[in-house]
Amino acid sequence: MNDLDVIKSPLFWLFITTIVLINTDGMVKSVIEDTICMDLLGKDKNNYGKQRLWGSIGWSLFAIISGVCIDWYSAGLEYKNYAPGYVIALICFLVDIYVVSKLKVIQETNSNIVASDVKKIFTQGKVLAFLLWVVFIGFFISFIWNFVFWYLEELSNVYHPEMKSWMKSLQGTALLIQCFGGEVPSFFLSSYILKRVNHMTIFSIVFFMFTCIFSVYTIIENPFWALPVELLNGMTFALSYSAATSYAALITPRGAEGTLQGVVGTAYTGIGAPIGSFVGGYMFKHIGSIDSFRLLSVVAFFTCIIQITVNYLINRLTINEDPKDIYSKVETKDDNLEEDLTLT
């Protein structure tokens with residue numbers, strides 16, 4: 001089918017609607033769970049990664065289980081039948097609903113100061129630059145989320161057609177390595193790293209890692225050799241997500257936790273990732289996977305250089321070098337306001 005016929009197909013729009021609903025629900029879920037987690041952590045917000053790593057463990061285990069089940073269920077078929085994956089997902093969702101129904105959370109809010117405090121936060125140059133880098137990270141990571149499996153199947157079709165029969169198992173193994181080998185250790189160590197390394201420096205490291213990842217993708221021919229790269233893919237997501245979530249929590253005024261986490265989530269998966277998905281689809285179709293990753297490696301490298309330069313200039317031109325100062329500055333004004341109202 002050509003593109004026009006696909007767009008005219010009711011199945012295409014049913015698929016689009018399903019994807020929109022899934023990602024909308026996922027975005028709301030992510031913001032709520034991150035906000036609740038940060039609230040429960042209190043002053044130990046750098047320990048977020050130790051909580052989040054359990055999500056990576058579940059993701060990786062069910063990825064390999066689903067991949068093996070799909071390959072087994074599709075034996076002898078021309079196309080893969082993904083029914084086992086949907087059944088497994090349904091069971092997980094039902095268990096998840098039961099678990100969250102038992103969760104008790106009490107969060108203090110002050111709706112009178114949220115709007116003004118959030119506005120003050122967004123006038124800070126560091127915060128605006130932070131959100132810009134989050135958008136870029138979402139852009140780059142969307143290629144890993146959405147196009148690496150496509151890339152592996154292209155490598156199989158061109159160089160190793162004998163791998164097609166167990167491709168889903170290979171892809172599940174890739175996620176297993178990405179999560180257990182990259183994400184889980186990185187999430188676990190993120191608290192240690194964030195106590196010693198500046199959040200923006202973490203972003204610089206992540207951009208450099210993107211450069212290395214995309215460069216390696218341009219030289220391998222066997223899909224099997226993409227598995228070691230998944231270690232870096234896990235590290236880029238875990239480090240960047242921990243740094244972004246932790247930074248947002250540090251600068252968040254009282255009562256605006258959900259708002260700030262929502263803004264970060266929007267920048268990450270609501271702006272950066274969709275742009276990357278759209279651009280990636282165009283690039284893969286018109287210049288191919290190899291040349292797409294080659295171009296991405298160059299873009300990621302220059303983004304890294306620009307981010308380091310801008311971060312250096314901002315640190316030189318601003319007085320407050322610690323994100324906690326942004327929060328404390330707003331919090332002090334709020335405390336003074338409450339004291340004045342009490343005296344009045």
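**Exercise 1. Helix 6 and helix 11**

Helix 6 crosses helix 11 in a left-handed manner. The model is predicted. Task: state at what angle helix 6 and helix 11 pack, and classify their relative direction.

Solution. 
1. Locate the elements: helix 6 covers residues 125–158, and helix 11 covers residues 288–317.
2. Read the geometry: the packing angle is about 165°, and the axes lie 11 Å apart.
3. Apply the cut-off: angles over 145 degrees count as roughly antiparallel.
4. Conclude: helix 6 and helix 11 are therefore roughly antiparallel to each other.

**Exercise 2. Helix 8 and helix 9**

Solution. 
1. The crossing of the two helices is left-handed.

**Exercise 3. A nonpolar surface patch**

Task: list the residues of the nonpolar patch on the surface, and find which helix gives the most to it.

Solution. 
1. The members are Ile7, Trp13, Phe15, Ile16, Ile19, Val20 and Ile22.
2. Together they have about 650 Å² of accessible area.
3. Helix 2, residues 10–41, gives the most to the patch, with six residues.
4. As one example, Ile22 is placed in helix 2.

Terms used: Residues numbered from 1 in each chain as written. Predicted model: local features only at pLDDT ≥ 70, side-chain atom pairs only at ≥ 80, totals over all residues. Heavy atoms only, no water. Left-handed = near helix turned anticlockwise from the far one by under 90°. Helix = DSSP H or I, 4+ residues; strand = E, 2+ residues; numbered from the N terminus. Patch = residues over 30% accessible without salt bridge, like charges linked within 9 Å, V, L, I, M, F, W, Y side chains within 5 Å. Areas by Shrake-Rupley, 256 points an atom, 1.4 Å probe, with all protein chains shown as cover. Salt bridge = Lys/Arg side-chain N within 4 Å of Asp/Glu carboxyl O. Axes fitted to C-alpha atoms, helices over the stretch in contact; angles between N-to-C directions. Parallel < 35°, antiparallel > 145°, perpendicular 65-115°, else oblique.
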